[in-house]
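Please look over the sequence and the three-dimensional structure shown below before reading on. The briefing that follows goes through the structure topic by topic.

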Amino acid sequence: MSSFVTGQIIEARCSRCRDVTGHVVMACLDGMPIKVECRACGSVHKYAAPSAAPRPKAETTVRVKAGHGRAEAVDATVKAEKAVERMASMAAEKKAAPRISKAEQASMRMAEENEQRWSQAMATIVGTAEPYNMNGKFAVRALVEHPVFGTGVVVELFPPDKMDVLFREGVKRLRCAC
Ligand SMILES: [Zn+2]
């Protein structure tokens, strides 16, 4: 084999390009290049003969053995990214949680107001509560005794067959024959 000189352009295996590319010999020892610069990617590395076993093959073998072909590896990366996205969106939902609890607080306030309205109605309306009956006739401010909601007061009528009744737990729209 002829000897090499610094500055000579030779074919060598590039570890970055993973291919045989043109290289500029940067340093020689005993007529053999020891350091070369790849003209394709510009990386400076140890000289590897073009016939040297290509690294990609060896890597592919290892990857296939481990069950991670390139396609699988890419797929795993995509899955990992999606998992990260999911975690990020879950974190965002957690951050949004205070808003939900504010809504809950609002509904609790409404429930309290309802209960106050109900208490006032119970205190001011004198009369006997009529047992609720979906065929019964009720008037506004009439007291109704419901088996589930307890005592309530009729607040609004929706002829021909509905009425709103304020109970301790809130206003319920009930059937009636108003
Ligand atoms: Zn290269």
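Along the chain, the donors of the zinc ion follow the spacing C-x2-C-x20-C-x2-C. Cysteine 14 lies in strand 1, whereas cysteine 41 lies in the loop between strand 3 (32-38) and strand 4, so this pair ties together parts that are 27 residues apart in sequence. Please keep in mind throughout that this is a predicted model.

- The protein donors of the zinc ion are the SG atoms of Cys14, Cys17, Cys38 and Cys41, and they lie 2.2 to 2.4 Å from the ion.
- The arrangement around the zinc ion is tetrahedral, because the four donor atoms subtend angles of 104 to 115 degrees, and a set of four donors counts as tetrahedral if all angles lie between 85 and 135 degrees.
- Cysteine 14 has a relative accessibility of 1% and therefore counts as buried, since the cut-off for buried is under 20% relative accessible area.
- Cysteine 41, with a relative accessible area of 29%, is partly exposed.

- An open sheet is built from four strands in the order 1-2-3-4, and its pairing is antiparallel.
- Strand 1 (9-14) and strand 4 (44-46) stand at the edges of this sheet, and each has a single partner strand, so one side of each is left without a neighbour in the sheet.
- From one strand to the next, the twist in this sheet averages 50 degrees.
- Strand 1 pairs with strand 2 (residues 19-29) in the antiparallel sense over six bridges, and within this pair isoleucine 10 stands opposite histidine 23 of strand 2.

- Strand 7 (residues 150-158) and strand 8 pair in the antiparallel sense over five bridges, and the two form a hairpin with three residues between them.
- In this pairing, valine 154 stands opposite valine 165 of strand 8, while valine 153 stands opposite leucine 166 of strand 8.
- Strand 8 also runs antiparallel to strand 9, to which six bridges join it, and these two strands form a hairpin with two residues between them.
- Phenylalanine 167 stands opposite glycine 170, which belongs to strand 9.

**The nonpolar core**

- Which residues make up the largest nonpolar core? This core has eight residues, namely Phe138, Val144, Val154, Met163, Val165, Phe167, Leu174 and Cys176.
- Strand 8 (residues 162-167) gives the most to this core, contributing three residues.
- Five of the six residues of strand 8 are buried, so strand 8 is largely enclosed by the rest of the structure.
- Cysteine 176, one of the core residues, touches Met134, Gly136, Phe138, Pro160, Asp161, Lys162 and Met163, when residues up to four places away in sequence are not counted.
- In soluble globular proteins, nonpolar side chains tend to be buried together.

Note on methods:
Residues are numbered from 1 along each chain as its sequence is written. This is a predicted model: local features need pLDDT of at least 70, side-chain atom pairs count only at pLDDT 80 or more; totals for chains, interfaces and linings use all residues. Side-chain values use heavy atoms; hydrogens and water are left out. A nonpolar core is a set of buried Ala, Val, Leu, Ile, Met, Phe, Trp, Tyr and Cys residues joined through side-chain atoms within 4.5 Å. Buried means under 20% relative accessible area, exposed over 50%, partly exposed in between (1.4 Å probe, protein chains only). Contact means heavy atoms within 4.5 Å. Two strands pair if DSSP finds at least two bridges between them. Axes are lines fitted to C-alpha atoms, for helices over the stretch in contact, and angles run from 0 to 180 degrees between N-to-C directions. Donors are N, O and S atoms within 2.8 Å of the metal (3.2 Å for Na, K and Ca); water is not among the atoms, so sites may look incomplete. Four donors count as tetrahedral if all angles lie between 85 and 135 degrees; four count as square planar and six as octahedral if opposite donors are over 155 degrees apart and all others between 65 and 115; anything else is irregular.
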